[in-house]
Amino acid sequence: MLKCTQVGINYLKTQSTLLSKQTNLIQQNRNTFILKRRYPVPLHKKNETRLKLKHKYFIYDVVENTNVKPEPLIDIILLTPVKNVGNKGQKITMGGQRAYETLILPKLAVYATPENLEKYLIEDLQKEEKLCTYSSKFVKRTMNLMSRLYLQMHMSMDVPWTIEKWHVRVSFRKAGYIVPDNAITLPEKTISGPDLNIENKEFYVTVKINNTEEILVRCKILHYTSDLNKKIRYEVPIYELPNVAIFSEDQEILNSLPKHKLLGKNELNELNELNE
């Protein structure tokens, strides 16, 4: 009898352990449903027997489901002309999530706070028309190209270094762009190496074109050495590697930047091959 009891206890312990592990794997979802009874429940009178609720009192109608609640609209002010959206200094209204991901994060717009309204809002139509034009007829194309650029920062694996403006200038020159030092804004935090922990990781710089337009450019750290045994090689193009930020707070901004122009074509070709 004692042996059977001990076996039963061990079995229950095993089951409880398995249940606790399974419970930890369940991910909670915060869903809110506002309901209303279809048939009002009669009030309970004093000194009377409590009524037994019938089935009809447990029928509910959905008043509101937060999962399908419309996205709230917000007001923003554009800092630069955006195609199919608006002109510089214009106040527009759009969905909060879309505005945050496509305009606020890439620093193309700001929230329409009282301070920003006073600083950026342009109510003069003639002035707005002047500002909505670019400083040069080539600026728009240059911004489109630079926004999709994966600037390769080839840094030494053997000699200590700290990212400076001239490093970025030289990398731009290798990519075919002439960018002076005074047009480059580096991240506030310093980036030093050699450090293989930041190999293939990203940061962004701000480039000012003609002292007017600004564009964010993605930069990738790639360590270089003349020692063939230590050289790092990648089997795929740089733009197909994971996009991981050196500073975690920059990840959202880097994710909002346009991808390489060939990346979408390669994904489309893979889908076509799978369909065939």
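Predicted model: local features only at pLDDT ≥ 70, side-chain atom pairs only at ≥ 80, totals over all residues.
Local features need pLDDT of at least 70 and side-chain atom pairs count only at pLDDT 80 or more, while totals for chains, interfaces and linings use all residues. Residues are numbered from 1 along each chain as its sequence is written, and side-chain values use heavy atoms, with hydrogens and water left out.

**View 1. The largest pocket.** The volume of the largest pocket is about 1100 Å³. A pocket is an open set of points on a 1 Å grid over the protein atoms alone, where a 1.4 Å probe fits, with protein on both sides within 12 Å along at least five of seven lines. Grid points are joined across faces, edges and corners, and a volume is the space filled by probe spheres set on the points. The lining counts 34 residues, and Thr80, Pro81, Val82, Leu108 and Met143 lie nearest the centre. Lining residues have an atom within 4 Å of a point. α2 (96-104), α5 (139-147) and β11 (213-224) each give two or more residues to this lining. Helices (H or I, at least four residues) and strands (E, at least two) are DSSP runs, numbered from the N terminus. By class, the lining holds 16 nonpolar, 10 polar and 8 charged residues. Ala, Val, Leu, Ile, Met, Phe, Trp, Tyr, Cys and Pro count as nonpolar, Asp, Glu, Lys and Arg as charged, and the others, Gly among them, as polar.

**View 2. The second largest pocket.** This pocket has a volume of about 330 Å³. Of its 16 lining residues, Arg148, Leu149, Tyr150, Ala175 and His260 lie nearest the centre. α5, β6 (150-156) and α6 (165-175) each supply two or more lining residues. β6 gives the largest share, 4 residues. The lining divides into 8 nonpolar, 5 polar and 3 charged residues.

**View 3. The buried side of α6.** His167, Val168, Ser171 and Phe172 are the buried residues of α6. They lie on the same side of α6 because they cover an arc of only 135° around the axis. The arc is that of the directions from the helix axis to the C-beta atoms. Buried means under 20% relative accessible area, exposed over 50%, partly exposed in between (1.4 Å probe, protein chains only). These residues pack against α5, β6, β7 (161-162), β8 (184-185), β10 and β11. Gly176 follows α6, with a positive phi near 100°.

**View 4. Pro194 and its contacts.** Pro194 sits in the loop between β9 (192-193) and β10 (202-209). Pro194 is partly exposed, with a relative accessible area of 36%. Not counting residues up to four places away in sequence, Pro194 touches Ser156, Met157, Val159, Pro160, Trp161 and His223. Contact means heavy atoms within 4.5 Å.
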